[in-house]
Amino acid sequence: MSTVSHRLHLPGGSPVHRTPAEAKIVCAVITVFAVVATPRDMFWPFAVYAAGLLVVWRVTRIPPRWIAPRLLIEMPFVVLAILLPFAAGEPRTTVFGLSLSATGVHAAWGIIAKGSIGVGVSLTVAATTSVRELPGGLSRLHVPGMIVTIVVLMLRYVDVIADEAARMRVARISRGDDPRTIRQIGATARGVGSLFLRSYERGERVHLAMLSRGFTGTIIDFDTPKATWRQWIFSCVPASAALGVCVGAWIAR
């Protein structure tokens, strides 16, 4: 059975792959905060962020065809952002004969640009970090043990829900149902409820199986190596560059 690690982790031998998880997590968090703090009415900082992200993908050998479909997770936010120029208030401007809100345009640009770069950074960390490395990395960052357990188990067992949903879909289609038609929306809603109950029962069985194998409520650290000072410096380069761009944007504003 495929796992989340296989779906999001892209094995490789780049320096970023070899960097311990805690250094990559800190770098990603600082970078995302810098991107979010950048003024949304400026365009060049986000071009620099995107260029830097492309450089990282080049170094880590992450192909665009792997990244592109996974970026679609932000589509609901993109749809919301597209509606903002039409729904926001004054002042308004005319673009190609359409009356748009200037505030809405800036807000839409900020959502799309910051969201896309944030998702790209998250996917980069996921592609270069296996689930096995997460417990040690989060623990060394002094993240509470309960949160570490929740995150790791969520990543490990989300496939349980995905496989259960796939089996239910096959069962519906084999009985002549077509989930794509609007007439089946009632059956789809009942299927979601059934999936919740099945997932809950499956989770109880998984928990009992873990307890029978000696699980004590704490995720085991698989003795992954700690980040050296060289690796910390290496991982801080992108984060430092992002902070520099953010500060430069505010100075030039």
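Which residues does UniProt list for "transmembrane region" in this protein? The unreviewed UniProt entry gives residues 43–59, 71–88, 108–129, 141–158 and 232–252 under that name. The model described here is predicted. The protein contains 11 helices and two strands, and buried residues make up 33% of its 253 residues.

**Overall make-up**
- Read from the N terminus, the elements follow the order α-α-α-α-α-α-β-β-α-α-α-α-α.
- Among the contacts in the protein with a separation of 6 or more, 77% are between residues 24 or more positions apart.

**Two of the listed spans**
- Residues 108–129, one of the spans that the UniProt record lists for "transmembrane region", are 95% helix and 0% strand in the model.
- The C-alpha atoms at the ends of residues 108–129 are 31 Å apart.
- Residues 141–158, also among the spans in that record, are 78% helix and 0% strand.
- For residues 141–158, the distance between the end C-alpha atoms is 24 Å.

**Asp41 and its surroundings**
- Asp41 sits in the loop that runs between helix H3 (21–37) and helix H4 (44–60).
- The relative accessible area of Asp41 is 32%, so this residue counts as partly exposed.
- Leaving aside residues up to four places away in sequence, Asp41 touches His106 and Arg253.
- Val105 is 64 residues from Asp41 in sequence, while the C-alpha atoms of Asp41 and Val105 are 9.1 Å apart in space.

**Cysteines**
- The number of disulfides in the model is zero, counting pairs of cysteine sulfur atoms within 2.5 Å.
- For Cys27, the closest cysteine sulfur belongs to Cys236; the two sulfur atoms are 6.8 Å apart, so they are too far from each other for a bond.
- Cys27 has a relative accessibility of 13% and therefore counts as buried.
- Cys246 is buried as well, because its relative accessible area is 8%, and buried means under 20%.

Note on methods. Residues are numbered from 1 along each chain as its sequence is written. This is a predicted model: local features need pLDDT of at least 70, side-chain atom pairs count only at pLDDT 80 or more; totals for chains, interfaces and linings use all residues. Side-chain values use heavy atoms; hydrogens and water are left out. Helices (H or I, at least four residues) and strands (E, at least two) are DSSP runs, numbered from the N terminus. Buried means under 20% relative accessible area, exposed over 50%, partly exposed in between (1.4 Å probe, protein chains only). Contact means heavy atoms within 4.5 Å. UniProt positions are given in the numbering used here, feature names are shortened, and annotations may be inferred rather than shown by experiment.
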